[in-house]
Amino acid sequence: MTDLFQSDLSALARQIPPGASVAINKGEGPDVPMALAKEIVRQGIRGLKLITIPASALPVSGMMVDMLIGAGCVKSIETSGVSMSELGAAPRFTKAVKDGALQVLDATCPAVLAALHAGAKGQPFASLRGIVGSDLEKHRDDFKLIDNPFEPGDPVVVLKAINPDVAIFHARYADRDGNVWIGRHRDQLFMAHASKKVLVTVEEVVDRNFYDDEAMVTGMIPSFYIDAICEAPGGALPMGLDGNANIKAVLAYMAAARTDEGFQAWLDENVLAGAKAAAE
Amino acid sequence: MTADAPCRDEEIYANAIAGLLVGAKHVAVGMVSPIPGTGALLAREKSGGKTRVSILGKQKMLPWTDGSQELFDLAGQGRLDGFFLSGGQIDRQANINLVGIGDYPDHKVRWSGSFGSGYLYFVVPRVILFRWEHTRRTLVEKVDFISAPGTSEPGVYRPGGPIALITNLCLFEFLKDRGRFRLKSVHPGHTLEEVRDNTGFDFDLPESVPETPVPDAATLETIRGPVATRIAEVYPVFARDVFGIEPAKAPDAA
């Protein structure tokens, strides 16, 4: 067994310094690190600069980001979108922007991805078509318009590389040596390549090594990119392992988070209750 | 839902959207786009499966094996023919605003964000705009924030852009050379006058304004059968409300 494994979520969350830039994934599969995010709230880690890869706009990923913002953990968010998809707007995000309590670095999805890839490759910037003439270009200091050096007269946007301090996500399996299996969710692989520290919760640790299995090794992140792993069954809930979100749970959150009082009550009941009980 | 139930508005919109996608090889559907998704899946059925449809938001509906970037890589290489975009505001020149109302960043109203629009609007040849609230507050003379511009200056790489805008009142086509919209058809139960009264910008008119066609019986059967089943995978709430399909069983614990 490797020493990457942590016995509990609190040990994992303690490795996120206040003020860190934290990359989080899109949440199309059962990979939303909700249990870890709740632990971040319990530990009161503040000043985080979230970077969504490339958006948090699905019911559970949107809910996680909204909860972190509502709990006061987030200083800024670089994103291409925050919402709960067809369920509606993210209530705490919307309020925080309106109150001027959250800085938003508005992006467009492929810009975040291209900049992350530049970071993963150790390059200073990436170039990308599009964006020219938009207000995104106007308001981002780290987006620059240059003339294509190979075809002069062709304006192209270049984007400063992204290297997050920390990447967090939930995965299906880790093997006994700390290799993490992500299947097709390759955004996690690129996040791991680009980030200075990678913290993972997994559904299950299995007693084998994925390098022995060609089918598993192509969908895995080697342990040398990983800094710590914690086994946390159900760590993505209310996103189920089958990729279906518990819509009722997300709607209940959204209804509560419409008001400051409702959000605080939801937090007390669903996030802080355990911590309070343990402290007493 | 049975084939003889009355035709719903969503089905008229989806049918019109499918009509704009004839001959497309690969169409992708972005975030919060249940009606465009229904239209794209209908185009797929009508093409006998020749039109590939990839729907964002659910692993099961996506053929990607290279992460989120694959959509944009496909588009950048010209391998994607169709996509859909909306906006809290859409203006006369088809500029779209997905960010908010008021002066950036001090919005009076903040929306979710620009998503892939700042790129896909430039590179996908058939971008279909949609907005199901056709009013003077959504269809405006000039947007407060340009998430993506409708047209570009000469010299800017721009193989893609808007071809149409569909609303709950009508279908516009976008005239790229004139940089403005022309009314194509008005949906059943609505009038040209209503469209004019509720549009905050000037647009061109054809010699006569036809009514948007209602899907025929066979098309309705397709929409309510295979299309509805597939769209329920990604948009369970929409599928329940429109087609009466119950969502997949959710996990028990929160």
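Chain A and chain B meet in a contact that draws 53 residues from chain A and 49 residues from chain B. On chain B, three helices each supply at least two residues to the side that touches chain A: α3 (69–76), α4 (117–123) and α7 (236–243). This is a predicted model, with ipTM 0.94 and pTM 0.95.

**The side of chain B that touches chain A**
- α4(B) gives the most to this side, with 5 residues.
- By class, the side holds 27 nonpolar, 17 polar and 5 charged residues.

**Chain B overall**
- Chain B has 7 helices and 12 strands.
- Mean pLDDT for chain B is 94. Of its residues, 96% reach 70 or more.
- The C-alpha trace of chain B spans about 45 × 45 × 40 Å along its principal axes.
- Chain B has a radius of gyration of 18 Å. A compact globule of 254 residues would have a value near 18 Å, so the two agree.

**Chain B: α1 against α2**
- Helix α1 (residues 9–20) of chain B packs on helix α2 (residues 34–46) of chain B at an angle of about 55 degrees. Their axes lie 8 Å apart.
- The crossing of α1(B) and α2(B) is right-handed.
- From α1(B), the contact uses B:Glu10, B:Tyr13, B:Ala14, B:Asn15, B:Ile17 and B:Ala18.
- From α2(B), it uses B:Ile35, B:Pro36, B:Thr38, B:Gly39, B:Leu42, B:Ala43 and B:Lys46.
- The residues of this contact of α1(B) with α2(B) divide into 8 nonpolar, 3 polar and 2 charged.

**Chain B: α2 against α6**
- α2(B) also packs with helix α6 (residues 217–234) of chain B. The two axes come within 9 Å and cross at roughly 130 degrees.
- α2(B) and α6(B) are therefore oblique to each other.
- α2(B) passes α6(B) in a right-handed crossing.
- α2(B) brings B:Pro34, B:Gly37, B:Thr38, B:Leu41, B:Leu42 and B:Glu45 to the contact.
- α6(B) brings B:Thr222, B:Ile223, B:Pro226, B:Val227, B:Arg230, B:Ile231 and B:Val234.
- By class, the contact of α2(B) with α6(B) has 8 nonpolar, 3 polar and 2 charged residues.
- B:Thr38 and B:Leu42 are among the α2(B) residues that touch α1(B), and they are also among those that touch α6(B).

**Chain A overall**
- Chain A has 10 helices and 13 strands.
- Its C-alpha trace spans about 65 × 50 × 30 Å along the principal axes.
- The radius of gyration of chain A is 19 Å. For 280 residues, a compact globule would have a value near 19 Å, so chain A agrees with it.

**Chain A: α2 against α3**
- Helix α2 (residues 34–43) of chain A and helix α3 (residues 59–70) of chain A pack at about 5 degrees. Their axes are 10 Å apart.
- Angles under 35 degrees count as roughly parallel, which makes α2(A) roughly parallel to α3(A).
- α2(A) contributes A:Met34, A:Ala37, A:Ile40 and A:Val41 to the contact.
- α3(A) contributes A:Val60, A:Met64, A:Met67 and A:Leu68.
- The contact of α2(A) with α3(A) has 8 nonpolar residues, no polar and no charged.

Conventions: Residues numbered from 1 in each chain as written. Chains lettered and ligands numbered in written order. Predicted model: local features only at pLDDT ≥ 70, side-chain atom pairs only at ≥ 80, totals over all residues. Contact = placed C-beta atoms within 7 Å. Helix = DSSP H or I, 4+ residues; strand = E, 2+ residues; numbered from the N terminus. Nonpolar A, V, L, I, M, F, W, Y, C, P; charged D, E, K, R; others polar. Axes fitted to C-alpha atoms, helices over the stretch in contact; angles between N-to-C directions. Left-handed = near helix turned anticlockwise from the far one by under 90°. pLDDT = per-residue confidence, 0-100. Rg over C-alpha atoms; globule rule 2.2 N^0.38 Å. Parallel < 35°, antiparallel > 145°, perpendicular 65-115°, else oblique.
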